[in-house]
Amino acid sequence: MTSPVLYIVVPCYNEQEVLHETAKRLTAKLESLMAQRKISGDSRMLFVNDGSKDATWSIIEELCQENSYVCGLKLSRNKGHQNALLAGLMTAKELCDCAISMDADLQDDIEAVDGFLEKFQEGCDVVYGVRSKRDTDTFFKRSTARGFYKFMKALGVDIVEDHADYRLMSRRALESLSQFDEVNLFLRGIVPLIGYQSGIVTYERHERFAGESKYPLKKMIAFAFDGITSFSVKPIRLIATIGFVIFFVSILVLLYSLIVWLMGHTVPGWTTLAASIWLIGGIQLLCLGVIGEYIGKIYGEVKHRPRYIIETFLKQ
(Lines give C-alpha, C1' and ligand atoms only; values in the text may rest on other atoms or scores of the structure.)
Protein backbone atom coordinates (compact mmCIF):
# COMPACT_ATOMS: atom_id res chain seq x y z
CA MET A 1 0.00 0.00 0.00
CA THR A 2 1.29 3.46 -0.90
CA SER A 3 1.93 5.87 1.94
CA PRO A 4 -0.97 8.32 2.43
CA VAL A 5 -0.63 12.06 2.01
CA LEU A 6 -1.30 13.60 5.42
CA TYR A 7 -2.22 17.23 6.09
CA ILE A 8 -2.17 18.55 9.66
CA VAL A 9 -4.65 21.45 9.88
CA VAL A 10 -3.95 23.99 12.61
CA PRO A 11 -6.39 26.93 13.12
CA CYS A 12 -4.63 29.96 14.59
CA TYR A 13 -5.92 33.06 16.32
CA ASN A 14 -3.30 35.31 17.95
CA GLU A 15 -0.78 32.46 18.33
CA GLN A 16 2.45 34.34 17.66
CA GLU A 17 4.05 33.02 20.87
CA VAL A 18 3.76 29.34 19.91
CA LEU A 19 3.89 29.15 16.10
CA HIS A 20 7.65 28.69 15.73
CA GLU A 21 7.70 25.89 18.30
CA THR A 22 4.57 24.27 16.85
CA ALA A 23 6.07 24.28 13.34
CA LYS A 24 9.34 22.88 14.70
CA ARG A 25 7.66 19.96 16.49
CA LEU A 26 5.29 19.17 13.62
CA THR A 27 8.20 19.24 11.16
CA ALA A 28 10.09 16.72 13.30
CA LYS A 29 6.99 14.51 13.48
CA LEU A 30 6.36 14.66 9.71
CA GLU A 31 10.00 13.83 8.92
CA SER A 32 9.94 10.91 11.37
CA LEU A 33 6.76 9.50 9.81
CA MET A 34 8.18 9.96 6.31
CA ALA A 35 11.37 8.14 7.30
CA GLN A 36 9.24 5.23 8.52
CA ARG A 37 7.21 5.45 5.29
CA LYS A 38 4.00 5.86 7.23
CA ILE A 39 3.13 8.98 5.22
CA SER A 40 4.01 10.38 1.81
CA GLY A 41 6.71 12.98 1.23
CA ASP A 42 3.95 15.27 -0.05
CA SER A 43 2.48 15.55 3.45
CA ARG A 44 2.22 19.05 4.91
CA MET A 45 1.02 21.15 7.85
CA LEU A 46 -1.55 23.85 7.11
CA PHE A 47 -1.80 26.87 9.40
CA VAL A 48 -5.10 28.75 9.11
CA ASN A 49 -4.99 32.39 10.20
CA ASP A 50 -8.41 33.30 11.59
CA GLY A 51 -8.16 37.09 11.41
CA SER A 52 -5.43 37.34 14.04
CA LYS A 53 -4.62 40.79 15.42
CA ASP A 54 -0.98 40.04 16.22
CA ALA A 55 1.92 38.86 14.04
CA THR A 56 0.47 35.37 13.44
CA TRP A 57 0.10 35.75 9.67
CA SER A 58 3.54 37.34 9.26
CA ILE A 59 5.05 34.36 11.07
CA ILE A 60 3.10 31.92 8.89
CA GLU A 61 4.40 33.69 5.77
CA GLU A 62 7.92 33.48 7.14
CA LEU A 63 7.53 29.79 7.94
CA CYS A 64 6.19 29.10 4.44
CA GLN A 65 9.33 30.60 2.92
CA GLU A 66 11.73 28.77 5.25
CA ASN A 67 10.00 25.40 5.63
CA SER A 68 8.76 23.41 2.64
CA TYR A 69 6.38 21.45 4.89
CA VAL A 70 4.42 24.56 5.90
CA CYS A 71 1.37 25.88 4.06
CA GLY A 72 -0.62 28.95 5.05
CA LEU A 73 -4.26 29.91 4.69
CA LYS A 74 -5.48 33.41 5.51
CA LEU A 75 -9.17 34.12 6.07
CA SER A 76 -10.43 37.58 5.15
CA ARG A 77 -11.61 38.20 8.73
CA ASN A 78 -12.12 36.45 12.03
CA LYS A 79 -14.81 33.78 11.64
CA GLY A 80 -14.29 31.72 14.78
CA HIS A 81 -12.42 28.51 15.55
CA GLN A 82 -14.95 26.11 13.99
CA ASN A 83 -15.15 28.01 10.70
CA ALA A 84 -11.37 28.39 10.50
CA LEU A 85 -10.98 24.67 11.12
CA LEU A 86 -13.54 23.86 8.43
CA ALA A 87 -11.78 26.19 5.97
CA GLY A 88 -8.52 24.33 6.54
CA LEU A 89 -10.12 20.90 6.21
CA MET A 90 -11.96 21.81 3.01
CA THR A 91 -8.73 23.19 1.52
CA ALA A 92 -6.75 20.10 2.54
CA LYS A 93 -9.50 17.82 1.19
CA GLU A 94 -8.31 18.35 -2.38
CA LEU A 95 -4.66 17.70 -1.51
CA CYS A 96 -4.55 14.80 0.94
CA ASP A 97 -5.64 11.25 1.67
CA CYS A 98 -6.31 12.10 5.30
CA ALA A 99 -6.18 15.18 7.50
CA ILE A 100 -5.58 15.67 11.21
CA SER A 101 -6.96 18.74 12.96
CA MET A 102 -5.29 20.06 16.10
CA ASP A 103 -4.84 23.28 18.06
CA ALA A 104 -1.74 25.46 17.76
CA ASP A 105 -1.05 25.65 21.51
CA LEU A 106 0.67 22.22 21.67
CA GLN A 107 -1.78 20.91 24.27
CA ASP A 108 -2.71 18.06 21.90
CA ASP A 109 -0.08 15.31 22.14
CA ILE A 110 1.67 15.17 18.76
CA GLU A 111 2.83 11.61 19.45
CA ALA A 112 -0.80 10.47 19.17
CA VAL A 113 -0.53 11.04 15.40
CA ASP A 114 1.09 7.59 15.08
CA GLY A 115 -1.97 6.00 16.65
CA PHE A 116 -4.27 7.97 14.33
CA LEU A 117 -2.43 6.67 11.29
CA GLU A 118 -2.52 3.07 12.57
CA LYS A 119 -6.30 3.27 12.95
CA PHE A 120 -6.55 4.85 9.50
CA GLN A 121 -4.56 1.99 7.96
CA GLU A 122 -6.93 -0.44 9.71
CA GLY A 123 -9.82 1.08 7.80
CA CYS A 124 -11.14 3.87 10.04
CA ASP A 125 -12.34 6.97 8.19
CA VAL A 126 -12.58 8.99 11.40
CA VAL A 127 -10.29 8.67 14.42
CA TYR A 128 -11.10 10.64 17.57
CA GLY A 129 -8.44 11.86 19.97
CA VAL A 130 -9.89 11.33 23.46
CA ARG A 131 -8.32 12.64 26.64
CA SER A 132 -7.33 9.84 29.01
CA LYS A 133 -7.63 12.14 32.05
CA ARG A 134 -8.28 15.76 33.01
CA ASP A 135 -5.75 16.25 35.81
CA THR A 136 -4.46 19.49 34.28
CA ASP A 137 -7.92 21.12 34.36
CA THR A 138 -9.31 23.06 37.28
CA PHE A 139 -12.12 21.43 39.25
CA PHE A 140 -14.61 23.89 37.74
CA LYS A 141 -13.55 23.22 34.15
CA ARG A 142 -13.39 19.47 34.67
CA SER A 143 -16.84 19.26 36.25
CA THR A 144 -18.50 21.59 33.75
CA ALA A 145 -16.95 19.74 30.79
CA ARG A 146 -18.20 16.39 32.03
CA GLY A 147 -21.59 17.89 32.77
CA PHE A 148 -21.75 19.30 29.23
CA TYR A 149 -21.03 15.94 27.58
CA LYS A 150 -23.56 14.14 29.77
CA PHE A 151 -26.16 16.84 29.10
CA MET A 152 -25.59 16.60 25.33
CA LYS A 153 -26.03 12.83 25.44
CA ALA A 154 -29.20 13.25 27.50
CA LEU A 155 -30.52 15.49 24.73
CA GLY A 156 -29.89 12.71 22.21
CA VAL A 157 -26.76 14.15 20.60
CA ASP A 158 -24.24 11.58 19.35
CA ILE A 159 -21.01 13.02 20.77
CA VAL A 160 -17.69 11.47 21.85
CA GLU A 161 -16.99 12.26 25.50
CA ASP A 162 -13.70 14.06 26.32
CA HIS A 163 -13.04 14.68 22.62
CA ALA A 164 -12.41 18.20 21.35
CA ASP A 165 -11.26 18.78 17.76
CA TYR A 166 -8.16 16.58 17.71
CA ARG A 167 -9.12 13.98 15.11
CA LEU A 168 -8.17 12.33 11.84
CA MET A 169 -10.55 12.28 8.89
CA SER A 170 -10.06 10.43 5.63
CA ARG A 171 -10.63 12.15 2.31
CA ARG A 172 -13.91 10.27 1.98
CA ALA A 173 -15.03 11.56 5.37
CA LEU A 174 -14.00 15.10 4.41
CA GLU A 175 -16.03 14.85 1.21
CA SER A 176 -19.04 13.83 3.29
CA LEU A 177 -18.41 16.67 5.75
CA SER A 178 -18.52 19.15 2.87
CA GLN A 179 -22.18 18.18 2.30
CA PHE A 180 -23.22 19.66 5.65
CA ASP A 181 -24.28 23.21 4.88
CA GLU A 182 -25.24 24.60 8.28
CA VAL A 183 -23.85 27.99 9.21
CA ASN A 184 -23.92 27.30 12.97
CA LEU A 185 -21.00 24.87 13.12
CA PHE A 186 -20.45 22.39 15.92
CA LEU A 187 -18.03 19.91 14.39
CA ARG A 188 -17.94 17.67 17.47
CA GLY A 189 -21.59 16.93 16.81
CA ILE A 190 -21.48 16.92 12.99
CA VAL A 191 -18.57 14.49 12.47
CA PRO A 192 -20.25 11.53 14.24
CA LEU A 193 -23.25 12.02 11.93
CA ILE A 194 -21.09 11.02 8.94
CA GLY A 195 -21.36 7.45 10.10
CA TYR A 196 -18.24 5.83 8.61
CA GLN A 197 -16.08 3.41 10.58
CA SER A 198 -14.41 5.24 13.44
CA GLY A 199 -11.83 4.59 16.12
CA ILE A 200 -10.46 6.21 19.28
CA VAL A 201 -6.92 7.06 20.33
CA THR A 202 -6.40 8.18 23.93
CA TYR A 203 -3.78 10.75 24.87
CA GLU A 204 -2.77 13.06 27.70
CA ARG A 205 -3.41 16.75 27.13
CA HIS A 206 -0.55 19.06 28.07
CA GLU A 207 -0.43 22.60 29.41
CA ARG A 208 -0.28 25.43 26.87
CA PHE A 209 3.28 25.94 25.62
CA ALA A 210 2.84 29.74 25.68
CA GLY A 211 0.22 32.46 25.35
CA GLU A 212 -3.28 32.60 26.78
CA SER A 213 -6.32 30.42 26.20
CA LYS A 214 -8.56 31.62 23.38
CA TYR A 215 -11.58 30.05 25.12
CA PRO A 216 -12.41 32.05 28.26
CA LEU A 217 -15.54 31.18 30.25
CA LYS A 218 -17.78 33.45 28.15
CA LYS A 219 -16.75 31.75 24.89
CA MET A 220 -17.01 28.30 26.44
CA ILE A 221 -20.60 28.97 27.51
CA ALA A 222 -21.49 30.36 24.06
CA PHE A 223 -19.86 27.35 22.37
CA ALA A 224 -21.77 24.92 24.61
CA PHE A 225 -25.06 26.72 23.97
CA ASP A 226 -24.40 26.62 20.21
CA GLY A 227 -23.85 22.88 20.43
CA ILE A 228 -27.07 22.32 22.37
CA THR A 229 -29.31 24.45 20.15
CA SER A 230 -27.72 23.21 16.91
CA PHE A 231 -28.34 19.53 17.60
CA SER A 232 -31.42 19.16 19.74
CA VAL A 233 -34.99 20.49 19.86
CA LYS A 234 -35.52 19.03 23.33
CA PRO A 235 -35.18 22.48 25.00
CA ILE A 236 -38.19 23.61 22.92
CA ARG A 237 -40.13 20.51 23.98
CA LEU A 238 -39.12 21.15 27.59
CA ILE A 239 -40.62 24.63 27.30
CA ALA A 240 -43.89 23.11 26.06
CA THR A 241 -43.86 20.68 28.99
CA ILE A 242 -43.26 23.52 31.46
CA GLY A 243 -46.15 25.41 29.87
CA PHE A 244 -48.52 22.46 30.36
CA VAL A 245 -47.39 21.98 33.97
CA ILE A 246 -47.87 25.66 34.82
CA PHE A 247 -51.29 25.61 33.12
CA PHE A 248 -52.32 22.55 35.16
CA VAL A 249 -51.07 24.11 38.41
CA SER A 250 -52.90 27.37 37.60
CA ILE A 251 -56.18 25.40 37.18
CA LEU A 252 -55.66 23.80 40.58
CA VAL A 253 -54.92 27.18 42.17
CA LEU A 254 -58.02 28.65 40.52
CA LEU A 255 -60.20 25.83 41.87
CA TYR A 256 -58.68 26.24 45.34
CA SER A 257 -59.32 29.99 45.25
CA LEU A 258 -62.95 29.49 44.25
CA ILE A 259 -63.52 26.93 47.01
CA VAL A 260 -61.98 29.21 49.63
CA TRP A 261 -64.07 32.15 48.36
CA LEU A 262 -67.29 30.13 48.46
CA MET A 263 -66.50 29.05 52.01
CA GLY A 264 -65.96 32.67 53.01
CA HIS A 265 -62.37 32.16 54.16
CA THR A 266 -60.60 34.51 51.75
CA VAL A 267 -57.47 36.06 53.27
CA PRO A 268 -55.33 38.80 51.65
CA GLY A 269 -52.22 37.12 50.24
CA TRP A 270 -50.17 39.71 48.46
CA THR A 271 -46.87 37.87 49.18
CA THR A 272 -48.04 34.71 47.45
CA LEU A 273 -49.49 36.74 44.60
CA ALA A 274 -46.31 38.77 44.09
CA ALA A 275 -44.10 35.68 44.25
CA SER A 276 -46.32 33.90 41.72
CA ILE A 277 -46.19 36.86 39.31
CA TRP A 278 -42.39 37.06 39.51
CA LEU A 279 -42.02 33.29 39.09
CA ILE A 280 -44.34 33.07 36.09
CA GLY A 281 -42.80 36.18 34.54
CA GLY A 282 -39.26 34.80 34.93
CA ILE A 283 -40.23 31.46 33.39
CA GLN A 284 -41.89 33.23 30.47
CA LEU A 285 -38.82 35.38 29.79
CA LEU A 286 -36.55 32.33 30.00
CA CYS A 287 -38.75 30.42 27.56
CA LEU A 288 -38.89 33.36 25.17
CA GLY A 289 -35.09 33.59 25.32
CA VAL A 290 -34.63 29.93 24.39
CA ILE A 291 -37.17 30.18 21.56
CA GLY A 292 -35.48 33.37 20.39
CA GLU A 293 -32.13 31.57 20.24
CA TYR A 294 -33.60 28.95 17.91
CA ILE A 295 -35.23 31.64 15.77
CA GLY A 296 -31.90 33.45 15.59
CA LYS A 297 -30.21 30.30 14.34
CA ILE A 298 -32.90 29.84 11.71
CA TYR A 299 -32.32 33.46 10.65
CA GLY A 300 -28.60 32.78 10.26
CA GLU A 301 -29.16 29.58 8.30
CA VAL A 302 -31.71 30.89 5.77
CA LYS A 303 -29.43 33.76 4.69
CA HIS A 304 -26.85 31.22 3.41
CA ARG A 305 -23.95 33.60 3.90
CA PRO A 306 -20.49 32.08 3.34
CA ARG A 307 -19.02 30.51 6.45
CA TYR A 308 -15.57 31.86 5.56
CA ILE A 309 -13.77 33.70 2.76
CA ILE A 310 -10.20 32.75 1.88
CA GLU A 311 -7.96 35.72 1.18
CA THR A 312 -4.61 33.97 0.60
CA PHE A 313 -3.35 30.40 0.25
CA LEU A 314 0.41 29.82 0.42
CA LYS A 315 2.00 26.54 -0.63
CA GLN A 316 5.48 25.77 -1.92
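Buried here means under 20% relative accessible area. The views below show a predicted model.

**View A. Strand 4 is covered on both faces.** The strand runs over residues 98–101. Cys98 and Ile100 lie on one side, Ala99 and Ser101 lie on the other, and all four residues are buried.

**View B. Strand 4 pairs with strand 1 and with strand 6.** With strand 1 (residues 6–12), the pairing is parallel and extends over four bridges. Leu6 has Cys98 of strand 4 as its bridge partner. With strand 6 (residues 163–170), strand 4 pairs in the antiparallel sense, also over four bridges. Here Ile100 has Leu168 of strand 6 as its bridge partner.

**View C. Helix 7 is largely enclosed by the rest of the structure.** The buried residues are Leu187, Arg188, Gly189, Ile190, Val191, Pro192 and Ile194. Gly195 follows helix 7 and has a positive phi, near 90 degrees.

**View D. Asn49 is a buried residue of strand 2.** Strand 2 spans residues 44–49. Asn49 has 3% relative accessibility, so it counts as buried under the 20% cut-off. Its side chain makes a polar contact with the side chain of Ser52, at 2.7 Å. Leaving aside residues up to four places away in sequence, Asn49 touches Cys12, Thr56, Trp57, Ile60, Leu73, Lys74 and Leu75.

Conventions:
Residues numbered from 1 in each chain as written. Predicted model: local features only at pLDDT ≥ 70, side-chain atom pairs only at ≥ 80, totals over all residues. Heavy atoms only, no water. Buried < 20%, exposed > 50% of the residue type's maximum accessible area, 1.4 Å probe, protein only. Helix = DSSP H or I, 4+ residues; strand = E, 2+ residues; numbered from the N terminus. Pairing = 2+ DSSP bridges. Polar contact = N/O pair within 3.5 Å; in protein donor to acceptor, adjacent residues only side chain to side chain. Contact = heavy atoms within 4.5 Å.
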